[in-house]
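Here are my notes on this one, as numbered points. Have the model open while you read.

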Amino acid sequence: MLDLLMTKKIALITGISGQDGAYLAKFLLKKNYKIIGLTRTTSKNNNWRLKKLNILNKISIKKIDIRETKKLIRLFTKYKFDEVYNLAAQSYVNKSFKKPTETFKINASGTLNILKVIKDQKRKIKFYQASSSEMFGKSRKKYQNEKTLFNPRSPYAKSKAFAHHSVINYRKKYQIHAVNGILFNHESPLRGEDFVTRKITLGLSKIYFNKQKTVYLGNINLKRDWGYSEDYVTAMWKMLQTKKPKDYVIATGKTCSIKQFINEAIKVLKLKTKWIGKDLNEKLINKVNNKTIISIDKKFFRPKDVGSLKGNFNKAKKELNWKPKTSFSKLVKMMIVSDLELVKNKYKIKF
Ligand code: NAP
């Protein structure tokens with residue numbers, strides 16, 4: 001009741017149509033925020049995640065690219081934002097090698113643009129920046145925390161490192177309540193189809209229903225610290241509720257290889273399979289029909305791979321009372337169950 005009497009806080013989420021944007025919007029709506037979301041396109045298909053979470057009609061969506069300064073200024077004049085979550089990005093590491101300039105313009109200059117607009121506002125606005133564990137790159141440390149040096153290995157990581165340091169500069173120079181959330185990989189049924197985890201769960205679900213033959217992947221020995229997006233967006237909000245703005249690592253502290261992710265997915269599907277071959281010739285075979293389910297394709301290897309990344313989230317645990325809730329096996333199961341349902345509905349399969 002008290003909540004209803006209080007004026008609603010207004011949050012701006014850039015990248016609202018993405019995985020984290022959708023879960024964060026759902027989380028903030030539950031906290032009674034008014035949400036304005038930015039997207040570059042108003043094409044209907046772009047909002048599938050917001051539709052899936054049943055929140056599309058509860059959000060006001062504006063077609064603004066974060067590089068468009070004048071439109072941003074107009075937006076900030078119209079809405080008195082309390083909190084801004086900058087999730088918009090060219091977020092595909094592989095694509096960043098092909099489009100380094102565009103990646104930099106969106107991830108680095110775009111972030112700087114928003115910081116500049118916030119600096120010129122008369123009111124205090126809290127700012128969250130989606131930093132990334134990719135900034136650690138080829139790290140010499142077993143665990144990475146807020147003090148670990150960056151050694152970026154991709155145009156994506158470099159652009160995120162620029163944005164990260166811009167946030168720190170604006171916080172120190174202009175006393176803006178601006179924070180970086182250094183988030184390690186986080187997945188969900190809403191993950192984009194080009195990301196490896198979703199490529200695996202969607203591909204295997206199609207194979208399960210005979211709608212695809214093989215999933216082609218790059219280096220399956222890469223290890224990542226994989227969490228669940230819905231757990232991670234709560235940390236974003238918590239970071240903006242502290243008295244003093246600080247940066248935090250958000251992770252699970254555990255790593256699994258892509259191969260382990262595949263094995264976990266196969267377990268959920270109860271398929272009888274075996275790994276054969278080595279390196280580029282390694283394959284996962286369906287023991288029942290001898291068909292190749294997973295095959296390695298050199299084209300999916302990154303020019304510079306990062307190896308293994310593992311986050312130390314002790315600071316977030318201590319100061320934000322945050323910890324991951326969803327286990328790796330639960331996450332994989334959730335993604336497989338969702339993709340089986342998706343494939344079944346798409347092809348009108350009776351099961
Ligand atoms: P995502 O699904 O790729 O969503 C990013 C969204 O940004 C896209 O849906 C896109 O929406 C929007 N966007 C791209 N360029 C834009 C521009 N110039 N102006 C306005 N919007 C733009 O990414 P995510 O997984 O939700 O991740 C959210 C953020 O966290 C990203 O910044 C990502 O780099 C960062 N991050 C993610 C992870 C992870 O594991 N998921 C880990 C660390 C950091 P439209 O096409 O509708 O414009």
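1. Arg191 is buried, at a relative accessible area of 13%; buried here means under 20%, exposed over 50% and partly exposed in between, using a 1.4 Å probe on protein chains only. Arg191 belongs to the loop between S7 and H8. Helices (H or I, at least four residues) and strands (E, at least two) are DSSP runs, numbered from the N terminus. Leaving out residues up to four places away in sequence, Arg191 touches Gln19, Arg49, Asn185, His186, Thr197, Arg198 and Met335, where contact means heavy atoms within 4.5 Å. Arg191 and Met335 sit 144 residues apart in sequence, yet their C-alpha atoms are 9.0 Å apart in space.

2. A word on ground rules. This is a predicted model, so local features need pLDDT of at least 70 and side-chain atom pairs pLDDT 80 or more, while totals for chains, interfaces and linings use all residues. Residues are numbered from 1 along each chain as its sequence is written, and side-chain values use heavy atoms, with hydrogens and water left out.

3. Now look at Ser188, in the loop between strand S7 (186-187) and helix H8 (196-208). Ser188 counts as buried because its relative accessibility is 0%. Its side chain makes a polar contact of 2.9 Å with the side chain of Gln19; such a contact is a pair of N or O atoms within 3.5 Å, and within protein one must be able to donate a hydrogen and the other to accept it, with residues adjacent in sequence counting only if both atoms are side-chain atoms. Beyond four places in sequence, the contacts of Ser188 include Tyr23, Arg198, Tyr228, Leu331 and Met335.

4. How is the protein chain divided? There is domain 1 (2-189 + 227-253 + 306-326) and domain 2 (196-220 + 257-304 + 333-346), with bounds from an automatic or database domain assignment. Their C-alpha centres lie 30 Å apart, and the contact takes 13 residues from domain 1 and nine residues from domain 2.

5. On to the nonpolar cores, meaning sets of buried Ala, Val, Leu, Ile, Met, Phe, Trp, Tyr and Cys residues joined through side-chain atoms within 4.5 Å. The largest has 65 residues, and those touching the most other members are Ile13, Leu28, Tyr85, Tyr128, Leu204, Met239 and Ile262. Domain 1 and domain 2 each supply at least three residues to this core. A second, separate core of 24 residues includes Ile10, Ile64, Ile66 and Val167. Back to Met239: among the residues it touches, setting aside those up to four places away in sequence, are Tyr128, His177, Leu183, Ile250 and Leu320.

6. Gly18 places a backbone N or O atom 3.3 Å from an oxygen atom of the ligand.

7. Strands S13 (residues 273-276) and S14 (residues 283-286) pair in the antiparallel sense over four bridges, pairing requiring at least two DSSP bridges. Trp275 has Leu284 of S14 as its bridge partner.
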